[in-house]
Amino acid sequence: MEFMNPRYEHGAPGKTGVLLVNLGTPEAPTKTALKSYLRSFLSDPRVVEFKGPRWLWLLILNAVILNIRPKKSAEAYAGIWDELGENTGSPLLHISQLQHQALQHVLDDGYVVELAMRYGEPSIDTGLDRLQQQGARSVIILPLYPQYSATTSASIFDAVSKVYQQRRWLPDIRFISHYHDHDLYIVALAKSVVEHQQHHGKQFLLMSFHGIPQRYLHNGDPYHCECHKTGRLLAERLGLRDDEYRVSFQSIFGREPWLQPYTDATLKSLPEKGIKAVQVICPGFAADCLETLEEIAVENRDYFMAAGGESFSYIPALNDRKEHIHLLSELIKQHSRGLDKTETGFQKDTAKRHKQHPFNRDN
Ligand SMILES: C=CC1=C(C)c2cc3[nH]c(cc4nc(cc5[nH]c(cc1n2)c(C)c5CCC(=O)O)C(CCC(=O)O)=C4C)c(C)c3C=C
Ligand SMILES: [Fe+2]
Ligand SMILES: [Fe+2]
């Protein structure tokens, strides 16, 4: 095996590379594109920890799930495709691109920022390559998941490490595993709620997070606790009493129990308890996507109204809001401490000498 590396030039100023990573999205809202996206997503052993042998899961996935799910999912994606404007395609990808641009804009030129998706394009491999080509000698990986879960954050770590297994010269690497209780994150969420309430009034607040199987929590995944901590801190920041908000979990998949209470069951039950007006926020989603724009803002709204609800509104994700970009840039700066951005580990004069005699080992 050959370890790959772009040609190294002595004396080039070292930069800090930032790789923003989100989940990924299908290339188009079609059955074919969904099949390929779901294949790569659902065959990740971090996402589906199948209890039996792996070959059996791959058989079920290929023979059953990938023959049923892509059609249903493609229809759902078709409903939100281009929702943010002409030719904007998948909201998740479009918003991630806006976040990427905004972040590059606010960080100084000692940083280079690239965007990558865990499944699909642009790939983590390409993103890391681009950082290296732009002179990054240290790399900060920032998964856009505020709450750590093995299903998401660790899966990104696996993909990054797989890429680096093929590289000769590794950069200094920082991995931001979570920021669920970061003050600027809570401040940004609270501000988005307050602004929403200026237009819609103040209602019961449901904080809905993406679910994971309960089994993963029992096997040690801290995700559940981190969601609850985010929920508590946000409620405290907003000055909410315990009966003015609730934390719930959405997007269940498969037959085993997932984290509860479920968002859909909660919304169906609120009207009979006298709560007929709700606002839903999804603090775990850094960018709006299928799971917020369709599952929450359309599907779950219908459940709530059909159960006797009178007013429902969805509070958008932090997306490219100023406070969100500020949070991400501060996170990056905090995790940059100790990284060398001025030179590539050589003294300047040594680097100069090296430039003249690239293979001179006498330094
Ligand atoms: C099968 C198990 C799944 C686990 C575990 C899971 C965890 C998980 N996912 C997100 C964030 C997102 N998931 C999204 C879509 C999505 N998720 C699953 C399955 C699991 N997710 C599927 C099959 C899909 C595809 C859509 C569908 O067919 O229903 C998305 C949206 C992507 C988009 O393109 O808009 C996000 C974001 C988190 C944060 C998480 C665990 C904490
Ligand atoms: Fe998911
Ligand atoms: Fe917990």
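Tutor: A residue is near a molecule if its C-beta atom, placed from the backbone, lies within 6 Å of it. This is a predicted model, in which local features need pLDDT of at least 70 and side-chain atom pairs count only at pLDDT 80 or more, while totals for chains, interfaces and linings use all residues. Residues are numbered from 1 along each chain as its sequence is written, and chains are lettered from A and ligands numbered from 1 in the order in which they are written.

Around ligand 1 there are 24 residues, and those that come nearest are Thr 25, Ser 73, His 210, Cys 289 and Leu 290. Two or more residues of this shell come from each of α1 (31-42), α2 (54-80), α5 (150-164) and α10; such helices are DSSP runs of H or I with at least four residues, strands are runs of E with at least two, and both are numbered from the N terminus. Ligand 1 lies between domain 1 (15-25 + 90-178 + 322-336) and domain 2 (183-315), because both give residues to its shell; the domain bounds come from an automatic or database domain assignment.

His 210 belongs to strand β5 (residues 204-210). His 210 counts as buried, with 26 C-beta neighbours inside 10 Å; the term requires 20 or more other C-beta atoms within 10 Å, whereas exposed means 12 or fewer and partly exposed lies in between. Glu 291, in helix α10 (residues 290-306), is also buried, with 20 other C-beta atoms within 10 Å.
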